[in-house]
Amino acid sequence: QATAAAATAAEMDAATLQQRALVFEQALSVLLKCAFEHVEPLQTVDMPELVEHCAEVLDHCASRAPGDVEFTRTQESAVPLYLASVAKRLEALDESRVMALIKGRAIFPRILRYASVHGEVLQAE
């Protein structure tokens, strides 16, 4: 219903709105993935929000069957890359703070569940 209401407000049909939202999400995923390849964006990002976002996306993925998740440059495929970027640059970040956030949101069990459910359909990047 939210999609229909937003589509009506934007004066377009729901399918067009969903397609445009997907294109926006894909562009944002690529932008963030590229940005997080450098330490400076990770030093300035709101790390609690990033970790919370990752936890929510991982939970969303774990609740869906492998064939029901779009992995083409979406958050579902980008979140493991975000987490890998954080892990690679942990020494340049406030390691104890970041690890406390990761532990507090149980990111490791979530990423393992994600990998066990979707590992066969994921592509190496």
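**Close-up 1. Arg110 forms a salt bridge with Asp59, and their closest N and O atoms are 2.7 Å apart.** Here a salt bridge is a side-chain nitrogen of Lys or Arg within 4 Å of a carboxyl oxygen of Asp or Glu. Arg110 lies in helix α7 (residues 107-118) and Asp59 in helix α4, so this pair ties together parts that are 51 residues apart in sequence. Helices (H or I, at least four residues) are DSSP runs, numbered from the N terminus. The structure shown is a predicted model, in which local features need pLDDT of at least 70 and side-chain atom pairs count only at pLDDT 80 or more, while totals for chains, interfaces and linings use all residues. Residues are numbered from 1 along each chain as its sequence is written, and side-chain values use heavy atoms, with hydrogens and water left out.

**Close-up 2. Asp59 also forms a salt bridge with Arg113, for which the closest N and O atoms are 3.1 Å apart.** Asp59 lies in helix α4 and Arg113 in helix α7, so this pair ties together parts that are 54 residues apart in sequence. Salt bridges that share partners join Asp59, Arg110 and Arg113 into one network. Arg110 counts as buried at 13% relative accessibility, whereas Asp59 is partly exposed, with a relative accessible area of 28%, and Arg113 counts as partly exposed at 37%. In these terms, buried means under 20% relative accessible area, exposed over 50%, and partly exposed in between, using a 1.4 Å probe and protein chains only.

**Close-up 3. Glu37 forms a salt bridge with Lys33, with the closest N and O atoms 3.4 Å apart.** Glu37 counts as partly exposed at 40% relative accessibility, and Lys33 is partly exposed too, with a relative accessible area of 23%. A search of the whole structure finds four salt bridges.

**Close-up 4. Helix α4 (residues 47-62) packs with helix α6 (residues 95-104) at an angle of about 30 degrees, and their axes are 10 Å apart.** That makes α4 roughly parallel to α6, where angles under 35 degrees count as roughly parallel, over 145 as roughly antiparallel, 65 to 115 as roughly perpendicular and the rest as oblique. The axes are lines fitted to C-alpha atoms, for helices over the stretch in contact, and the angles run from 0 to 180 degrees between N-to-C directions. Met47, Pro48 and Val51 in α4 meet Arg97, Val98, Leu101 and Ile102 in α6, contact being heavy atoms within 4.5 Å. By class, the contact of α4 with α6 has six nonpolar, no polar and one charged residues. For these classes, Ala, Val, Leu, Ile, Met, Phe, Trp, Tyr, Cys and Pro count as nonpolar, Asp, Glu, Lys and Arg as charged, and the others, Gly among them, as polar.

**Close-up 5. Helix α1 (residues 2-9) and helix α2 (residues 14-35) pack at an angle of about 95 degrees, their axes being 8 Å apart.** That makes α1 roughly perpendicular to α2. Thr3, Ala6 and Ala7 of α1 make the contact with Ala14, Leu17 and Gln18 of α2, and by class this contact has four nonpolar, two polar and no charged residues.

**Close-up 6. Thr74 is found in the loop between α4 and α5 (75-88).** At 1% relative accessibility, Thr74 counts as buried. Not counting residues up to four places away in sequence, Thr74 touches Leu22, Glu25, Gln26 and Ser29.

Definitions and conventions
Helices (H or I, at least four residues) and strands (E, at least two) are DSSP runs, numbered from the N terminus.
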